[in-house]
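Hello,

Here is the structure I promised to pass on to you. Please open it first, and then read on for what was found in it.

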Amino acid sequence: MYGSDDECMKKYYGNKKSNFFEQNKQQTSKEIELIKSNNIKFSDEELAKARKFIQSEEKFSEYAYKPTKNDVWTIGYGHTGTVDGKLITEGMKITKEKAEELYRKDFEAHIRPLKEVEVPLTSNQKIALASFIYNVGEGAFKNSGVFKKLNSGDYEGAAANFDKYVKQKNKITGEYVVLNGLVKRRQKEKELFLTNDKE
């Protein structure tokens, strides 16, 4: 009685049909960009909570060390790479003030990937993800089931995927070994991710 869907749409929108859909697409894009922007913003309270959570896992070390025999040299609060342009090596020592400085820079770098999460995140979810990325790195996060499930809107599926990142590669044998420390950390991150902000 009303003709084809296309005819109905043409009658209703006239020549503005394509403009309507383009406008709708732009609106959706703007909403996603707003979500991304909010995901990467941390209030002072969230920063303090994230700092407490991450540093309780990383633990402060004034001397360079290897968390496991298959790890790289690490110092401060899980910092790797260099300190003031110098490669971290055995015997290097830093102050707690320097460790805090390095932590802040590392944290800012590690939350950048949250800008690619296209669904809204609660405070607890942001903090849990910040800890996860701080530990596994940006590349691993972007390739993770956590990230992929999130962007499909599957929050529970994302939480379930935390448990998959508990292994470390043995440089000699090439085998992946489960580390109890990572098992415990992933459990804490997952629990925080699933905890309501008001609890």
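Lys 105 and Glu 101 both belong to helix α4 and sit four residues apart, about one turn of the helix. Their side chains form a salt bridge, with the closest N and O atoms 3.3 Å apart; the term stands for a side-chain nitrogen of Lys or Arg within 4 Å of a carboxyl oxygen of Asp or Glu. Glu 101 is partly exposed, at a relative accessible area of 26%. On that scale, buried means under 20% relative accessible area, exposed means over 50%, and partly exposed lies in between (1.4 Å probe, protein chains only).

Before going further, please keep in mind that this is a predicted model, in which local features need pLDDT of at least 70 and side-chain atom pairs count only at pLDDT 80 or more, while totals for chains, interfaces and linings use all residues. Residues are numbered from 1 along each chain as its sequence is written, and side-chain values use heavy atoms, with hydrogens and water left out.

**The chain as a whole**

The protein chain has nine helices and seven strands. These are DSSP runs numbered from the N terminus, with helices being H or I of at least four residues and strands being E of at least two. Of the 199 residues in the chain, 35% are buried. The accessible surface is about 12,700 Å², and carbon and sulfur atoms hold 51% of that; the areas come from the Shrake-Rupley method with a 1.4 Å probe, and for residues, only the protein chains shown count as cover. Among contacts (heavy atoms within 4.5 Å) with a separation of 6 or more, 58% are between residues 24 or more positions apart.

**The core**

The largest nonpolar core holds 36 residues, and among those with the most contacts inside it are Phe 107, Leu 114, Val 117 and Phe 193. Such a core is a set of buried Ala, Val, Leu, Ile, Met, Phe, Trp, Tyr and Cys residues joined through side-chain atoms within 4.5 Å. Two or more residues come from each of α3, α4, α5, α7 (145-151), α8 (155-160) and α9. The largest share is from α5, which gives seven residues. Which residues does Val 117 touch, not counting those up to four places away in sequence? They are Ile 35, Lys 36, Asn 39, Phe 141, Phe 147, Leu 150 and Asn 151.

**Helix α3**

Helix α3 covers residues 44-58, and its end C-alpha atoms are 21 Å apart, which agrees with the 21 Å that its 15 residues should span at 1.5 Å a residue. That expected span is 1.5 Å times one less than the number of residues. The buried residues of α3 are Glu 46, Ala 50, Phe 53, Ile 54, Gln 55, Glu 57 and Glu 58. Their cover includes β1 (61-65), α4 (96-110), α5 (123-136) and α9 (180-193). After α3 comes Lys 59, with a positive phi near 65 degrees.

**More salt bridges**

How many salt bridges does a search of the whole structure find? It finds 16. In one of them, Asp 84 and Lys 98 have their closest N and O atoms 3.1 Å apart. Asp 84 lies in the loop between β4 (82-83) and β5 (86-87), and Lys 98 in helix α4, so the pair ties together parts that are 14 residues apart in sequence. Asp 84 is exposed, at 60% relative accessibility, whereas Lys 98 is buried, at 17%.

Lys 142 and Glu 116 also meet in a salt bridge, at 2.9 Å from N to O. This pair links distant parts of the chain, 26 residues apart: Lys 142 is in helix α6 (residues 138-142) and Glu 116 in the loop between α4 and α5. Both count as partly exposed, Lys 142 at 28% and Glu 116 at 34%. Elsewhere, salt bridges that share partners join Glu 58, Arg 185, Arg 186 and Glu 189 into one network.

**A sheet**

Three strands form an open sheet in the order β1-β2-β3, with antiparallel pairing. The edges are β1 and β3 (79-80), each with a single partner strand, so one side of each has no neighbour in the sheet. Between β1 and β2 (residues 74-76) there are two bridges, and two strands pair if DSSP finds at least two. Tyr 65 has Thr 74 of β2 as its bridge partner.

Best wishes
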